[in-house]
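Hi,

Here is the structure you will be working with. My notes on what turned up follow below it.

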Amino acid sequence: MHRDMTNRKVRVFPDRAALARAAAMHFVELARSAIELQGRFSVALSGGTTPEPMYRLLAAPKFTSQIDWQRVHLFWSDERCVPPDDPASNYNMAWNSFISQIPIPKGHIHRIRGEEVPAVAAERYEQELKDHFKGGSTRFDLILLGLGEDGHTASIFPGSVAVAEYKRLVVVAHHPRTRQQRITITLLAINAAANVTFLVAGESKREMMKQVLSGLKSPDEIPAIGVHPRDGTLLWLCDQTAEST
Ligand code: 6PG
């Protein structure tokens with residue numbers, strides 16, 4: 001592990017399996033600590049493919065036995081505007097990977113309703129966040145994020161209005177190439193979290209990870225650069241192929 005000049009922590013693992021194990025343990029540690037200190041653990045899951053091996057481990061006996069799922073609340077950092085049973089749905093991936101196998105109360109699964117009209121889904125999700133955090137600051141115990149090759153994170157894409165959104169917690173976005181509509185939390189919500197953890201793997205992310213850690217570009221060019229929790233930890237968990245230092 002090493003810290004760079006902005007007190008970010010970067011932990012590098014030899015392969016994706018080791019990365020998944022470390023990420024699952026990190027999840028368990030933060031969950032146990034939050035439940036002990038405040039009686040619940042509120043976490044926003046990342047989408048994409050990188051977290052899937054970690055999610056599968058969360059349903060494995062070694063890890064799931066360490067978590068009091070009755071006290072966990074699952075949210076998402078973003079969602080594609082598709083039905084929950086669509087293969088492109090981030091909820092669908094998490095459901096199949098571990099949620100379907102854990103004893104979590106249905107009311108603790110705060111799915112973004114990708115099947116609804118996007119603007120309605122975004123408003124509903126923002127209200128659900130505010131209700132959950134009871135009008136205080138929307139401070140997740142953990143937000144998991146991925147990194148796109150173009151520097152996006154969640155569904156905050158380069159040059160999009162979402163980058164500069166500092167009033168709303170949740171906005172509608174669209175993928176610049178596929179035009180697929182998305183619902184995403186904003187940097188306002190991300191930077192209020194107690195812990196933000198990027199999971200990054202693969203040679204294709206190396207150059208972008210290097211640019212993010214250098215911090216030399218603007219969040220408008222590389223939205224992941226805009227992630228710096230005001231009063232929280234920022235941790236990068238990556239495999240060796242993505243490591244850039
Ligand atoms: C999504 C994610 C997105 C993802 C990155 C990395 O909905 O796709 O929120 O931000 O984390 O694009 O995706 P991979 O893990 O598939 O590389």
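Contact here means heavy atoms within 4.5 Å. On that basis, and leaving aside neighbours within four places in sequence, H175 touches F157, Q180 and R182.

Two points on the source. This is a predicted model, where local features need pLDDT of at least 70, side-chain atom pairs count only at pLDDT 80 or more, and totals for chains, interfaces and linings use all residues. Residues are numbered from 1 along each chain as its sequence is written, and side-chain values use heavy atoms, with hydrogens and water left out.

More on H175. It sits in the loop between β7 (170-174) and β8 (181-185); strands are DSSP runs of E, at least two residues, and helices are runs of H or I, at least four, numbered from the N terminus. H175 counts as buried because its relative accessibility is 11%, and buried means under 20% relative accessible area (1.4 Å probe, protein chains only). A polar atom of the H175 side chain lies 3.0 Å from the backbone nitrogen of R177.

Next, helix α1. At its start, a side-chain oxygen of D15 comes within 3.2 Å of the backbone nitrogen of A17. After α1 comes G39, with a positive phi near 85 degrees.

Best wishes

Conventions:
Buried < 20%, exposed > 50% of the residue type's maximum accessible area, 1.4 Å probe, protein only. Polar contact = N/O pair within 3.5 Å; in protein donor to acceptor, adjacent residues only side chain to side chain.
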